[in-house]
Every structure is written in structure tokens, then in C-alpha cells.
Amino acid sequence: MHVLGILGSHQPDGVTGKMLQAVLKGANETATTDWINLADYEIKPDHDNQPNPVLDKLEAKLLAADVWVLAAPVYLGSLSGVMKNFLDCFRSRIARYNAVGEAVPDRFKNKHYVTITDCYAGGIENYVTGVTDAAFKTMDKFLTMGGLIKLREIVITHTWGMQTLAPAKQAEGERVGRQAARKKERDDNTVKRYIELFFMIAVMALVTMGIEAGIGQLVPLHNFWAYYGVFVLVFYVLLASILHFFTVVKHRRR
Ligand SMILES: Cc1cc2nc3c(=O)[nH]c(=O)nc-3n(C[C@H](O)[C@H](O)[C@H](O)COP(=O)(O)O)c2cc1C
């Protein structure tokens, strides 16, 4: 088992770098680890079959790792440029592309990943406004194109003037590293997801029936098809909202 850290920050020994090292420390208890400081590389995109030794070197490291830990701060409301440039340049290699330009997961499929980001904004501000969402979304988009499976997100807020990680954050990083280093042949969250789906549907059916009972006070719903039609409509709106929340909006923010 090999865990690779990938840092995309201006300061290798800053808060982002320290959290990356905490995760690698946890992983190192059972796995081998290595890390790349992207700022040390002059990363350029591939062009017309021209040699690109820098991307070749990074690609070899990525192929050799079972788990990738991407760490990059929020700069100007988005993912740091150092990390973004790497993702943009590596885009042509993260997947195969079919005749209509769709990404088809290839050599990196089923590897696992952890993402780390941080911001000056406080926990409550980030919770309300989602300062770190764009950074996570950009990394997720790239990694899911390659068919990688997400393990965890880590967020550090209130980083202004921060020199060291709080003990709780250090412990969180090491715990995530230990968990990430456990051998996973495949995404073993499948059973958990089916259980979550069951409870999601049970709660939504209950809420839908409650809403329908309320509507029934205003509009008679004694006709079977009227009852059925309203049920489907309300259930659909709830399902769409909850799926949107869990797949698009919800990121760790504190
Ligand atoms: C150039 C630059 C731009 C930043 N932009 C933002 C920002 O828009 N919002 C924010 O909350 N923090 C911002 N930060 C703070 C970083 O996200 C990060 O939390 C901080 O630099 C600490 O990480 P480091 O020690 O790894 O550099 C910025 C920092 C830098 C250096």
C-alpha cells in the first residue's frame, strides 16, 4: 500500500502542508508514503507528441500510489493556481477520451483519494457561504474523471496567522491517514450507501405523506389517481433536492 501526497500551495511548510504531513504520518503507520510539492515542478501541458518529462515523472508517481492525498488552499475564492495548473495540464492523462470527448476512466480507475483545503474565513462563514466548495469541486471533478473513489475531505478554517495545527485537527489528519492506508480492493461503502438509501427513502416517504395529509385538508384527494399524482410530485421534488444537496452542495466546511 502506497500513499502519495500532492501539495499545491505557495508555502510547503504552511498550514496546508502541515495537514498533508499529518495525513501522511497517520498513513505511514501501515503504508509507505511519499509526497510531491507541485511548486517544485515546471508543469506544462502535453503538445503534439512532444516529450514532457515533468508530466511523465508525475504520472509514474501517481500510477505507483494506491491513495492520492491532494492538498491545496483556497486562493481568491477558488482552488490555488499551483494545483489548478497541475489538474489542467494532467487532464489529458487522467482518463481516455472517446470520440465525443467524454472522459473514460482508465489507468487510475478505483484508486482512492483524500482532499484537503483551507481558508482564512472562519468556520461559520465557510459553513454559510461555502468558501471552500469551489476548491473541493474542482479537485473532485478532475479525480472522478479518472474514476478515482473519494475517501474523505478535510477542511481547516480561520488560518490567518495560524502557525501550527490545533491538536484536534492534527489528530483528525492522522486518523484520516490511518484509515486511508487500509487496503481497499474496491469501494466498500456500497453496503453503507444502500442502508443510507433505505433510511432516506423511509424518511422522505414519511415527509411526503405528511405534506400530502396537509394538502388533503385544502384539496380533497380521495380519488386514487389524484392521491398518487400528488405523492409522485412531492416525492420527486424532495428526492431531487436531497440528491442535489448530497452530490453537488455538501462539502465539509468546518
Ligand atoms: C494568494 C492568497 C489568496 C488567498 N485567498 C483566500 C480567499 O479568497 N479566501 C480565504 O478565505 N482565504 C484565502 N487565502 C488563505 C488560504 O486559503 C490559506 O488558508 C492560507 O494561505 C494558509 O495556508 P498555507 O499556510 O498553506 O499557505 C489566501 C491566501 C493567499 C496566500
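Alanine 71 stands opposite isoleucine 116 in strand S8. That places us between strand S3, residues 67-71, and strand S8, residues 112-118, which pair in the parallel sense over five bridges. Two strands count as paired if DSSP finds at least two bridges between them. The strands, of at least two residues (E), and the helices, of at least four (H or I), are DSSP runs numbered from the N terminus.

A word on the source: this is a predicted model, where local features need pLDDT of at least 70, side-chain atom pairs count only at pLDDT 80 or more, and totals for chains, interfaces and linings use all residues. Residues are numbered from 1 along each chain as its sequence is written, and side-chain values use heavy atoms, with hydrogens and water left out.

Now the sheet. Five strands form an open sheet with parallel pairing, in the order S2-S1-S3-S8-S9. At the edges are strand S2 (32-37) and strand S9 (149-156), each of which pairs on one side only. From one strand to the next, the twist averages 15 degrees.

Next, two helices. Helix H1, residues 15-27, lies across strand S1 (2-7), S2, S3, S8 and S9, and runs at about 180 degrees to S1. Helix H2, residues 53-64, lies across S1, S2 and S3, at about 140 degrees to S1. For these angles, axes are lines fitted to C-alpha atoms, for helices over the stretch in contact, and the angles run from 0 to 180 degrees between N-to-C directions. Contact means heavy atoms within 4.5 Å.

Helix H2 contains glutamate 59. Is glutamate 59 buried or exposed? Glutamate 59 is buried, with a relative accessible area of 11%; buried means under 20%, exposed over 50%, and partly exposed in between, with a 1.4 Å probe and protein chains only. Not counting residues up to four places away in sequence, glutamate 59 touches Phe90, Arg93, Arg107 and Phe108.

The structure holds eleven aromatic pairs. In one of them, tryptophan 68 and phenylalanine 108 have ring centres 5.2 Å apart and planes at 70 degrees, so the pair is edge-to-face. Rings of Phe, Tyr and Trp (its six-membered ring) pair if their centres lie within 6.5 Å; planes under 30 degrees apart are stacked, over 60 edge-to-face, and the rest tilted. Tryptophan 68 and phenylalanine 108 are both buried. Ring pairs also link Trp68, Phe86, Phe90, Phe108 and Phe142 into a cluster.
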